[in-house]
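Hi,

Here is the structure I promised to pass on. Have a look at it first, and then read my notes below.

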Amino acid sequence: MQTVLFHNTIFGPIHSRRLGISLGVNLMPNDGKVCSFDCLYCEAGFNAQGHGKDGIPSRESVKRQLKKKLETMKAAGDGLDVITFSGNGEPTLHPHFAEVVHDVIMLRDRYYPEAKVSVLSNSTMAGKKSVADALKLVDNNILKLDSAIATTLTALNRPTSPNVIPQGIIADLKQFTGQCIVQTMMLRGDYDGHHIDNTTDAEVEALIQAYREIAPREVMLYSIDRKTPAENLVKIEHDELQAIGDRIAKATGIPIQVN
Ligand code: SF4
């Protein structure tokens, strides 16, 4: 297994194929992973590696480090397209996620008012009011739904709580009334005796129903790009991904971005 943890709270900027020049904000430990999912494809590795010893950064520490980085970038004349919450786990699990979002928006407005703020979330906390209210403030509220079929979601995303099911996620995402982007990782492979394939007709039809219900402003389809902790996963090549995207766009009328 070769996966990579981010070893800083503020990382990058990196060039993201989906987001452009992106400065990352990691609200999880710098030496471990904390997530309510344990996805087979997680670039940060499996949850079994543990939470590490550093703990999660305080609100004040995130604010201080981001301010310093933005000041440095601004002084150097560097460009910035987006500040992205991502990193070693699920950012909305941070106990002061909403306050951190307010700080990040305030610093963005001060240093790079033209840049966007994006959050990559696995959707499991979207039912919590303070989290949902904060997610409504960001420019790109990007929420994961990899399958609308419970057995597939369980096998692929491996939620740490048995209460996480597609119907619950769909209900939580509907509340954004279009102020969200749904992101779906497509892949197939075998793990622990299960065959996983969220590209089948039944899977795509179930996703189409889910996207119709959620009515996001956009759907992003993507596939594996780097090493994954589970070894027998197969990347869906661009042509196949595009064909699935075209089918979803035709059925739902929702703009589809294929990466
Ligand atoms: S939700 Fe994201 S951080 Fe969590 S296990 Fe899945 S890919 Fe990794």
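This is a predicted model: local features need pLDDT of at least 70, side-chain atom pairs count only at pLDDT 80 or more; totals for chains, interfaces and linings use all residues.

Residues are numbered from 1 along each chain as its sequence is written.

Back to Asn26, which is found in strand E2 (residues 20-26). Helices (H or I, at least four residues) and strands (E, at least two) are DSSP runs, numbered from the N terminus. Asn26 counts as buried because it has 24 C-beta neighbours inside 10 Å. The cut-offs: a residue is buried if 20 or more other C-beta atoms lie within 10 Å of its own, exposed if 12 or fewer, and partly exposed in between, with C-beta atoms placed from the backbone. His15 is 11 residues from Asn26 along the chain, and their C-alpha atoms are separated by 16 Å.

The eight-stranded sheet

E2 belongs to an open sheet of eight strands, in the order E1-E2-E3-E4-E5-E6-E9-E11 and with mixed pairing (two strands pair if DSSP finds at least two bridges between them). Strands E1 (10-16) and E11 (256-258) stand at the edges with a single partner strand each, so one side of each is left without a neighbour in the sheet. From one strand to the next, the twist averages 25° (axes are lines fitted to C-alpha atoms, for helices over the stretch in contact, and angles run from 0 to 180 degrees between N-to-C directions).

E2 and E3 run parallel and are joined by five bridges; Gly24 stands opposite Thr84 in E3. E3 is mostly covered, with five of its five residues buried. Both of its faces are covered: Val82, Thr84 and Ser86 are buried on one side, and Ile83 and Phe85 on the other. E4 and strand E5 (residues 140-144) also run parallel, with four bridges joining them, and Ser118 stands opposite Asn140 in E5.

Two helices worth a look

Helix H2 (residues 97-111) lies across E2, E3 and E4, running at about 150° to E4. H2 has 15 residues and reaches 21 Å from its first C-alpha to its last, close to the 21 Å expected at 1.5 Å a residue (the expected span is 1.5 Å times one less than the number of residues). Phe97, Val100, Val101, Val104 and Arg108 are its buried residues. Seen down the axis of H2, they fall within an arc of 105°, so they line one face of the helix (the arc is that of the directions from the helix axis to the C-beta atoms). Met106, Asp109 and Arg110, on the other side, are exposed. What do the buried residues of H2 pack against? The list is E2, helix H1 (59-76), strand E3 (82-86), strand E4 (116-121) and helix H3 (129-135).

Helix H6 (residues 201-214) has Glu203, Leu207, Ala210, Tyr211 and Ile214 buried. These cover an arc of only 100° around the axis, which puts them on the same side of H6. On the other side, Asp201 and Ala202 are exposed. Among the elements covering the buried residues of H6 are helix H5 (166-174) and strand E9 (218-222). Just after H6, Ala215 takes a positive phi of about 50°.

E7 and E8 form a hairpin with two residues between them, and Asp192 in the turn has a positive phi of about 55°.

Finally, the largest nonpolar core has 67 residues, of which Val25, Leu27, Leu173, Val182 and Leu221 touch the most other members (a nonpolar core is a set of buried Ala, Val, Leu, Ile, Met, Phe, Trp, Tyr and Cys residues joined through C-beta atoms within 7 Å). Not counting residues up to four places away in sequence, Leu173 touches Ser123, Ala126, Leu143, Cys180, Val182 and Ile214.

Cheers

Notes
Two residues are in contact if their C-beta atoms, placed from the backbone, lie within 7 Å.
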